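Could you walk me through this structure in the viewer? I would like to know what to select next and what I will find there.

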Amino acid sequence: MKTTPIIGLEVHVELKTKSKMFCSCDANHFHVEPNTHTCPVCLGLPGALPVPNKKACEWCIKLGLALDCTINEETFFERKNYFYPDLAKSYQITQLQKPFAINGKLNIDGHEIRINRAHMEEDTGKSIHIDASTLLDFNRSGVPLVEIVSEPDIQSAQEAKKYLNKIQQVIRYIGISDADIEKGSMRCEPTINIKVEDETGVYYTPLAEIKNVASLTGVENAIDYEIKRQIDQYQSDKITKNSTNKTTRGWDADKNQTFLQREKEGSADYRYFPEPDIPPVIFSKDQIEEIKKTLPELPDAKIAKYKSYDLSDYDANLLAEDLSFSNAFDAIVQALIGKPEFNEFAKFTANLFSGAIRQKLNETQESFDISKLSGEYFSNLFKAVKNSEISSSVAKQVIVESYETAKDPVEIAKEKGLIQVSDTASLEQFAKEVIEANSKAVEDYRKNPLAIGFLVGQLMKVSKGSANPQLAKEILEKLLK
Ligand code: ZN
Ligand code: MN
């Protein structure tokens with residue numbers, strides 16, 4: 001029996017525009033007094049007229065372009081009718097027939113995941129359940145929401161996680177949302193079924209849509225659980241014909257399992273019809289071209305560029321993870337662009353970025369303005385390390401200090417006496433001290449030559465990291481002969 005999971009993802013992302021989708025209310029609804037960012041439009045009061053947020057529409061198109069979609073120049077909004085307490089109007093304004101963006105794709109480790117659409121809609125209010133009552137907060141009602149629907153091309157939970165990570169990365173690159181799953185500004189609903197092939201034929205298990213997954217790990221676990229559950233069910237039920245049933249299942253993160261919410265769901269009749277209060281929305285080719293110009297270099301292009309510098313997969317991905325980090329790196333390596341030692345400099349800079357700089361960023365968060373790092377200082381430091389004047393461990397130390405003091409890192413190393421000692425006389429002096437103070441280690445070395453490492457370490461310590469480690473090792477070996 002051969003089983004192939006068929007997974008699609010529906011992702012909703014809240015745009016971080018200043019105002020809401022169809023009114024001028026403040027769109028921020030995090031840590032805000034309930035029902036203070038509302039007006040007749042987003043409360044759905046009779047007679048209130050919606051006006052689309054131009055910025056939000058432009059951002060939806062921008063995302064479409066970043067996902068390689070075709071952009072519909074003429075679109076319109078529609079009403080999706082359903083009743084729910086957090087939906088004041090009893091309909092959501094959305095797009096069905098003419099989304100802003102269609103037919104895109106996203107590359108996950110060489111596997112192309114097709115994107116069906118990215119359309120513009122509005123968020124609902126929030127229900128807050130307290131004991132037996134439900135309270136409603138409409139601050140979130142009408143916040144711009146983009147829905148991105150993939151084709152069912154995803155084949156595993158790990159791939160789904162990578163897809164979401166990448167969607168999130170692209171969204172953050174283009175700066176339209178913080179796309180934070182834990183916070184709820186990015187939400188996703190996986191749809192899963194299994195293609196089963198055995199000697200009697202090809203079968204598909206009933207489609208399950210999973211709701212309430214509130215973290216990336218949750219998505220991965222929920223899909224893994226559901227794949228196993230559907231295969232088990234297939235084996236115990238011995239299905240002989242294909243099911244067209246669709247079920248909705250919830251995700252229980254504590255029990256780490258999905259549970260049945262609704263069975264045998266037909267496709268709900270939302271009585272979609274064109275929103276009569278909003279005329280068609282038209283973006284000309286020129287306007288779309290202008291939006292395209294605002295796109296930054298995207299993660300895939302960044303990674304390809306870094307690989308052309310001979311950087312490893314690991315380094316390339318790490319540098320491209322975040323746009324400001326990546327841009328700072330790009331600005332620094334410009335210092336030696338076109339020079340024969342460029343690739344070596346890129347590797348040197350990448351090492352400092354993945355180590356010392358990243359660590360400093362994590363510690364200081366916002367206060368560290370990475371764009372202020374100087375390419376000239378990095379290249380001075382690079383040359384000093386290349387000439388063995390400064391050790392790579394000292395380089396890590398002084399590069400951060402150089403940022404803090406705006407001083408040349410090589411000057412800092414000189415002032416602190418951290419210039420690498422390569423003159424034999426001083427190294428011999430250090431070596432003698434170390435041999436005298438570590439008779440036990442010297443004995444170990446006589447039995448096992450690998451024990452030299454400890455003595456070199458001690459010498460580095462005595463020299464405050466300034467000794468040239470290779471020379472130090474040679475001199476120790478010479479003296480111990
Ligand atoms: Zn409003
Ligand atoms: Mn939606």
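This is a predicted model: local features need pLDDT of at least 70, side-chain atom pairs count only at pLDDT 80 or more; totals for chains, interfaces and linings use all residues.

**Stop 1: the metal site**

Begin by selecting the manganese ion (ligand 2). Which residues coordinate the manganese ion? Show the side chains of His12, Glu121 and Glu147: the ion is coordinated by NE2 of His12 and by OE atoms of the two glutamates, at 2.0 to 2.2 Å. Written along the sequence, the spacing of these donor residues is H-x108-E-x25-E. Now colour strand E1 (residues 2-14), where His12 lies, and strand E7 (residues 111-122), where Glu121 lies; the pair therefore ties together parts that are 109 residues apart in sequence. Are His12 and Glu121 buried or exposed? Both His12 and Glu121 are buried.

**Stop 2**

Next, select strand E13 (residues 207-211) together with strand E11 (residues 186-198). E11 and E13 run antiparallel and are joined by two bridges. To look at a bridge, pick Thr191 and its partner in E13, Glu209.

**Stop 3: two packed helices**

Two packed helices are described by the angle between their axes and the distance between the axes. Select helix H2 (residues 157-173) and helix H3 (residues 216-237): their axes come within 8 Å and cross at roughly 155 degrees. Because of that angle, H2 is roughly antiparallel to H3. The crossing of H2 past H3 is right-handed. Which residues of the two helices meet? On the H2 side, show Ala157, Gln158, Ala160, Lys161, Leu164, Asn165 and Gln168; on the H3 side, show Leu216, Val219, Glu220, Ile223 and Asp224.

**Stop 4: a buried isoleucine**

Keep Ala160 from H2 in view, and jump to Ile399 in helix H10 (residues 392-405). The C-alpha atoms of Ala160 and Ile399 are separated by 38 Å, and the two residues are 239 residues apart along the chain. How buried is Ile399? Its relative accessible area is 1%, so Ile399 counts as buried, the cut-off being under 20%. To see what surrounds this side chain, leave aside the neighbours within four places in sequence and select Leu352, Ala356, Ile357, Phe378, Leu381 and Pro409, which are in contact with Ile399.

Conventions: Residues are numbered from 1 along each chain as its sequence is written. Chains are lettered from A and ligands numbered from 1 in the order in which they are written. Side-chain values use heavy atoms; hydrogens and water are left out. Two strands pair if DSSP finds at least two bridges between them. Helices (H or I, at least four residues) and strands (E, at least two) are DSSP runs, numbered from the N terminus. Donors are N, O and S atoms within 2.8 Å of the metal (3.2 Å for Na, K and Ca); water is not among the atoms, so sites may look incomplete. Buried means under 20% relative accessible area, exposed over 50%, partly exposed in between (1.4 Å probe, protein chains only). Contact means heavy atoms within 4.5 Å. Axes are lines fitted to C-alpha atoms, for helices over the stretch in contact, and angles run from 0 to 180 degrees between N-to-C directions. Angles under 35 degrees count as roughly parallel, over 145 as roughly antiparallel, 65 to 115 as roughly perpendicular and the rest as oblique. A crossing is left-handed if the near helix is turned anticlockwise from the far one by less than a right angle, and right-handed if clockwise.
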